[in-house]
Amino acid sequence: MHSVIVGGGVIGLLSALRLAEAGGQVVLVEAGVTGREASWAGGGIVSPLYPWRYSPAVTALAHWSQDFYPQLGERLLAETGVDPQVHVTGLYWLDLDDEAEALSWAERYGRPLQSVPMESVHRAVPSLGDGYLRAVYMQGVANIRNPRLLQALRAALARLSKVTVVEHCPVEGFLQHGSRIVGVRTAQGDMRADHVVVAAGAWSAQLLATLGLQIPVKPMKGQMILFKCAEDFLPSMVLAKQRYAIPRRDGHILVGSTLEDVGFDKTPTEDALQSLRATAIELLPALADAQVVRHWAGLRPGSPDGVPYIGQVSGFDGLWLNCGHFRNGLVLAPASCQLLADLMLGREPIVDPAPYAPAGRIA
């Protein structure tokens, strides 16, 4: 089987790895540089921010991925020498309006989320600010150092003779033979394949529009800032008022993020910088004396309810989607790419594929 994958973010890279491991020939085509858009810009929490607010479809992919990430990290490190740093810290949510719903969800799904007294939170996270009244905590929640994950995936693909990665090569449209998609038209010429996978994130809708398909995926800008602190400054992730702080093993602290509907503009703004810095100081007052070492923005592939599109497009044989993950691309990537490979290869799928099928969800 010969496949072309359009898009070199975490979804495209991991899809390529899964298909190549199964013996397929894969060409991955990226308009810019692999792993430099939303996948690179995200925080890397290996959980939806508020998992109980999502549908069972998102939950199914999230739980499979969360259980799989540690072994993926170990395997990539062993094979490539690049450590994605799956960092298990646990996560505190502060002053939730829907705490009862969160605890009910956790009981239903058997997840280790529990209410904890604020005194114990302050003992566990001495750098946390005052003024918070309630907390829930989930142990075992990890974050992944997403730029290193992307670097490791790229290195893993470089080891496989059946994979070709073509960068700086925008895809301009599709090659058709009757109702079948037989390849893509690119800035570097036509590329033919048995199957084409669209994993182009926020740009997927633009590409599919060339076939007259309307998919409700659009760019949603997110901005983040980065501080450098002592390695033990923040032992756990904390989340309050839609904003979060994520510790890396080396003392870097990410604080994010905004959610802006401004099209394909990913310019960092001063307003967002000041808002994120204020959030950081409210959460962790000692950051008032810390320098912002970086500020950036990325474009999430926004979709209704955050349920991705995974599967073949009806009426277009050979055209497959793995896109529309919204805020959870890194969280859902292992399960999404495994499910895609299962469907393309005719294997028993890891989860019920029906909720993600494009049929009936795109016009």
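Modeller: What follows sets values from the model against the definitions behind them. The model is predicted, so local features need pLDDT of at least 70 and side-chain atom pairs count only at pLDDT 80 or more, while totals for chains, interfaces and linings use all residues. Residues are numbered from 1 along each chain as its sequence is written, and side-chain values use heavy atoms, with hydrogens and water left out.

Colleague: Why is Arg 53 called partly exposed?

Modeller: Buried means under 20% relative accessible area and exposed over 50%, with partly exposed in between (1.4 Å probe, protein chains only). Arg 53 has a relative accessible area of 40%, and is therefore partly exposed. Arg 53 is found in the loop between helix H2 (38-41) and helix H3 (56-80); helices (H or I, at least four residues) and strands (E, at least two) are DSSP runs numbered from the N terminus.

Colleague: What makes the link between the side chains of Arg 53 and Asp 98 a polar contact?

Modeller: A polar contact is a pair of N or O atoms within 3.5 Å; within protein, one must be able to donate a hydrogen and the other to accept it, and residues adjacent in sequence count only if both atoms are side-chain atoms. The side chains of Arg 53 and Asp 98 are joined at 2.8 Å. These two residues are 45 apart in sequence, with 9.3 Å between their C-alpha atoms. Beyond its neighbours within four places in sequence, Arg 53 is in contact (heavy atoms within 4.5 Å) with Leu 96, Asp 98 and Gln 242.

Colleague: Which class of accessibility do Gln 85 and Asp 95 fall into?

Modeller: Gln 85 has a relative accessible area of 11% and is therefore buried, whereas Asp 95, at 28%, is partly exposed. Gln 85 lies in the loop between H3 and strand E3 (86-88), and its phi is positive, about 55°, although it is not a glycine. Asp 95 also has a positive phi, near 50°, and sits in the loop between strand E4 (91-94) and helix H4 (99-109).

Colleague: How do you know that E13 and E17 pair?

Modeller: Two strands pair if DSSP finds at least two bridges between them. E13 and E17 have 10 bridges, in the antiparallel sense, and Phe 227 stands opposite Val 292 in E17. Five bridges join E13 to E16, again antiparallel, with Leu 226 opposite Leu 254 in E16. Strand E13 (residues 218-228) is mostly covered, as nine of its 11 residues are buried.

Colleague: What makes a space a cavity and not a pocket?

Modeller: On a 1 Å grid over the protein atoms alone, a cavity is a set of points where a 1.4 Å probe fits but cannot get out, whereas a pocket is an open set with protein on both sides within 12 Å along at least five of seven lines; lining residues have an atom within 4 Å of a point. The whole structure holds one cavity of 30 Å³ or more. The largest cavity has about 60 Å³ of space, and the second largest pocket about 230 Å³. Each volume is the space filled by probe spheres set on grid points, which are joined across faces, edges and corners.

Colleague: Which element gives the most to the lining of the largest cavity?

Modeller: H3 does, with five residues. Among the lining residues are Tyr 54, His 63 and Trp 105.
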